[in-house]
Amino acid sequence: LSPAPRRPIRELPDELVSQIAAGEVVERPASVVRELVDNALDAGATQVTVRLLAGGVRLISVEDDGVGIPHDELGVALKRHATSKIASLSDLESVGTMGFRGEALAAISSIAELNLLSRTAGQASAFMLDGRTGELRPAARATGTTVEVKELFFATPARRKFLKTDATELAHCIEAVRRHALARPDVGFAIWHEGKLVDQWRAATREQRLADVLGPEMVDESVAVDYHAGPIRVTGRAGIPDASRSRSDHQFSYVNGRYVRDKVLTHAARSAYEDVLHGNRQPVYALYVEIDPARVDVNVHPTKIEVRFRDSREVHQAVRHAVENALAAPRAQQAAGSPL
Ligand code: ADP
Ligand code: MG
């Protein structure tokens, strides 16, 4: 085998660079939903409405009542590495927003048709940016932003082939919104599909939101978690052992308001149940870890679903103790009140 003749090194065109980056950020419609809802929450929205057609493949529209984007910044919002959320390395080391990489809108607009409609409180009218033509024109809208994403992966047919049925993609989109809804009970959410309301959650307390999203048994068959150790606070609900399931689909972990999938947290929570759950039974929980942002690195993966803790032992212990204490509390009360 003779090696292929060497070709000169060239910088890739911007469009192709964005399409490569999009491969990391956008796996399916639900990834777009997650990014757009993150942006709405970062903008201070109190109501977020998600509208989908064909499981999100034909259309994803996310509408918020946040601060909006000034008309002269709509164009730059679509550029790569353009963000209003960090400006320096020290900002990066203590990120307080969901976004900070300035990649999502650029990535999405390289693999779909993206339109931005936005109005800030100071503007007399809204403006609409057509992502394909770059045309900017006045439009009608109250303060806030609507991002419209059409024909996902239209330019990357190889990618489009990996999509599942509309029903499956819709289910993933709903799951993405549920994760946000559990993080932000103070915000109202609505999801529409093909013109029909699929789910709607009004602003509520955390307990009420958990019941609204996951069912009343999520609260009735769980105990409150509230634990503080040094720089870490753990709150939420831990299901009683009888509420355990055969699947781990009712396990939600958050770090500083961000939904994460993290081995340290999962292991810590599971180990708190080690004496009371046997075999493959999976506990049910929603745990919210608040930690000094300087002690956790969220810049590990483009989707930010993974985090790295500076001291994972300290986090493991806190979560384990938080859940153990919560589970022990009602048993102690039971014992005290029991005639046995
Ligand atoms: P990031 O969220 O990492 O900053 P994005 O590509 O998701 O990057 O968004 C780029 C910028 O566009 C944001 O920093 C923000 O200033 C602006 N933006 C995006 N979506 C919204 C929104 N819904 N409301 C207000 N501003 C937004
Ligand atoms: Mg973002």
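Among contacts in the protein between residues at least 6 apart in sequence, what percentage join residues at least 24 apart? The share is 66%. Two residues are in contact if their C-beta atoms, placed from the backbone, lie within 7 Å.

This is a predicted model: local features need pLDDT of at least 70, side-chain atom pairs count only at pLDDT 80 or more, and totals for chains, interfaces and linings use all residues. Residues are numbered from 1 along each chain as its sequence is written, while chains are lettered from A and ligands numbered from 1 in the order in which they are written.

**Overall fold**

The protein has eleven helices and 15 strands. These are DSSP runs, numbered from the N terminus: helices are H or I with at least four residues, strands E with at least two. The radius of gyration, taken over C-alpha atoms, is 22 Å, close to the 20 Å of the globule rule for 340 residues, so the protein is as compact as a globular protein of that length. That rule is 2.2 Å times the number of residues to the power 0.38. The C-alpha trace spans about 75 × 60 × 45 Å along its principal axes. Of the 340 residues, 39% count as buried, meaning that 20 or more other C-beta atoms, placed from the backbone, lie within 10 Å of the residue's own.

Ala, Val, Leu, Ile, Met, Phe, Trp, Tyr, Cys and Pro count as nonpolar, Asp, Glu, Lys and Arg as charged, and the others, Gly among them, as polar.

**Ligand 1**

There are 23 residues around ligand 1; Asn-39, Ala-43, Thr-83, Ser-84 and Gly-99 come nearest. Helix H2 (29–42) and helix H5 (104–111) each supply at least two residues of the shell. The shell holds ten nonpolar, eight polar and five charged residues.

**Val-187**

Val-187 sits in the loop between H7 and strand S7 (188–193). Val-187 is buried, with 23 other C-beta atoms within 10 Å. Beyond its neighbours within four places in sequence, Val-187 is in contact with Leu-41, Ala-45, Thr-46, Gln-47, Val-48 and Ala-203. Phe-154 is 33 residues away along the chain, and its C-alpha atom is separated from that of Val-187 by 33 Å.

Technical notes
A residue is near a molecule or strand if its C-beta atom, placed from the backbone, lies within 6 Å of it. A residue is buried if 20 or more other C-beta atoms lie within 10 Å of its own, exposed if 12 or fewer, and partly exposed in between; C-beta atoms are placed from the backbone.
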